[in-house]
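Hi everyone, thanks for coming. Let me put the model up on the screen, and then we'll walk through a few spots together.

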Amino acid sequence: MAGLELSDEIKMTKDTRLENIRNIGIIAHIDAGKTTTTERILYFAGKLYKIGTVDEGTAVMDWMPQEQERGITITSAATTCFWKDKNINIIDTPGHVDFTVEVERSLKVLDGAVIVLCAVGGVQPQSETVWRQADKYHVPRIAFINKMDRTGADFYHVVGQMRERLLTNPVPLQIPIGAEGDYLGVIDLITMKAIIYKGDEGKSGFDVADIPEELKEKANHYRHNLIEKLGEADEVIMEKYIHEKEISPNELQEATRRATIGGKIIPIFCGASAKNKGIQPLLDAIVDYLPCPLDIPPIKGTDPDSGDEITRQTSVDESLTSLVFKIVSDPFVGRLSYARIYSGVLKPSEHVYNSRKGKEERIGKILKMHANKQEIVDMARAGDIVALVGLKDTTTGETICKEDHPIMIESIHFPEPVISMAIEPKTKADQEKLGMALNKLCDEDPTFRVKYDKETGQTIISGMGELHLEIIIDRMFREFSVAASVDKPQVAYKETITKTSRAVGKFIQQSGGRGQYGHVVLDVAPGQKGTGVVFESKIIGGAIPREFISSVKEGVIEAAQSGCVAGYPVDDVDVKLVDGSFHEVDSSDLAFHMAGILGFNDGMKNGSAVLLEPIMNLEVITPDNYMGDVIGDLSSRRVKIESIDDRGNTKVIKGLAPLSEMFGYATNLRSLTQGRASYTMEPSFYQEVPRNLSEKIIETSGRSKLRK
């Protein structure tokens, strides 16, 4: 009976409950003020009674010791709060490019996002990266231009940058009253009222007043712009605009919500989070304009057995569909699996099905997270984001569902690591703990890779940058008590070919009794950038039996793990199996696997193989008087300067930098500019290494397979 009552209660409240949920992410470039903004949101929503700061290391959302010491966000932190009876689930994401995986997996499961932009720095490199990530998952967004109280703040310049650099349609719903030290508040273009913040710190709230006389013309201009933009996106507003009918604030608000969820406009708000200004209107905007789970399209997946597409509505009446998007090792409860529930209901002690691995798992506890603090709940329903205890085999990007109604949601794509280090435990006791620590860290972070190099006997760890690996090593010491020493960073080079070649792979062994026979002919050609190694069979007429073709492919993929120039992985190569032969008795999977390896290696040697190196997008911000020294240093590092722009009294230098030349650059830049310059760097593409440098890399690698 109790079960029936609970079921009825779920069904009765499902629509209003889902309408009242907002699953949002806070995304931005490093130092734009994401964590500070999140901290203020939690304070004004009544979740915190004391405001923490990033600078002092007391921000609730930056709970890791490494975050508190460095003043940056490293891992995405989830929390929940209430505003105007709406339940807002928030994920605060990192801004540093080394931890871009946290943004990627968060955006996969969120319904909406707030992009925070600095009123001084504007649209910066990582702003563009997170914007593209949000575009990939079609996440509706609003923008918050922060730090309006800082010297050099320019609201209108940032709006223009959004239009030019992000190729989007920014529409201010507020315009600032003053800027820098004179920033007083905003004009709300929906209600056409001024919001004036009380006191320097804004904690005392704000007054709603009439628009100052000197700003009325500008306010009317931007309100007219708002109505025009909404008219282009919304037929209701267009109809009233054409016939010059009055449009009420309520109608403008509803049209803005429709246009935002439809991805047609990006509403713009502004404030100064550190001074507590602009937060309440931002909370109103999250509730009013960002989607609830019912506003986004139903989740789509495939039937793991038939491959047919399946659609699941956002409802508790549907069968369970949930995506695990993050794994965390918790010192108290063990392995935590963060999951978004798209449909159905999940309860503790239930058995669930991992559709990717075909395994049954059992849920232990269900937790609501507040940064690193936990609250046990008795169920999770469609629309919720929760942490699950008890999933032993499920990893990031895998779907959990019911075995009698299986579904597999498309997994999350993660970028390849660009930097490697050799790691060695300091003592025998550390050696035993090292493997366990590395396994747990790999489980948590899909961009962190570990492999054992048989030739050198070293354990190689790979990641997204120097800071990424530095944090990993620090965590091994603090969380797992593993003391380890590391070699200097190594670049993750790749290999490819520059011309097409025909290759032959023959594996023939005869040693009395049954032998081995495999013979393949391959066309090996340069592929499209970013495609990896693509294998295709063109065998017709049964030259090679169908059952051996998969073995040839496996051999090719295995050979591509270590190329013929210096033993680095092969990228962007197309391999076509065009001919071959077999023996009725001696042919086997092993023989064709080996023939695939030999044929691929032959194709690489004949295809003029070259080394590729990762090239980074670089942006350096330096005071004018140091520009000559900075550019001279960049030129010595093979950096190709693409543009030099003015930003206030600083210069912004943009260029393309080979990663191998940029190790230790932070220290060098500090000494060149007395600590006054800063830089950001993110992976862009791979490019052929100049021949003179290539020869040095091949010599030092000691792993060349070419025998001239």
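Leaving aside neighbours within four places in sequence, which residues is His-593 in contact with? They are Ser-551, Glu-554, Gly-555 and Glu-558, where contact means heavy atoms within 4.5 Å.

Before going on, a quick word on the ground rules. This is a predicted model, where local features need pLDDT of at least 70 and side-chain atom pairs count only at pLDDT 80 or more, while totals for chains, interfaces and linings use all residues. Residues are numbered from 1 along each chain as its sequence is written, and side-chain values use heavy atoms, with hydrogens and water left out.

Back to His-593, which is found in helix α14, residues 589-606; helices here are DSSP runs of H or I with at least four residues, and strands are E runs of at least two, numbered from the N terminus. His-593 counts as buried because its relative accessibility is 16%, and the cut-off for buried is under 20% relative accessible area, with a 1.4 Å probe and protein chains only.

Next, two helices. α9 (residues 249-261) and α10 (residues 279-289) pack at an angle of about 75°, their axes 9 Å apart. Axes are lines fitted to C-alpha atoms over the stretch in contact, and angles run from 0 to 180 degrees between N-to-C directions. The pair is therefore roughly perpendicular, a label for 65 to 115 degrees. From α9, Gln-253, Thr-256, Arg-257, Thr-260 and Ile-261 meet Val-287, Asp-288 and Tyr-289 of α10.

Thanks, all!

Terms used: Parallel < 35°, antiparallel > 145°, perpendicular 65-115°, else oblique. Buried < 20%, exposed > 50% of the residue type's maximum accessible area, 1.4 Å probe, protein only.
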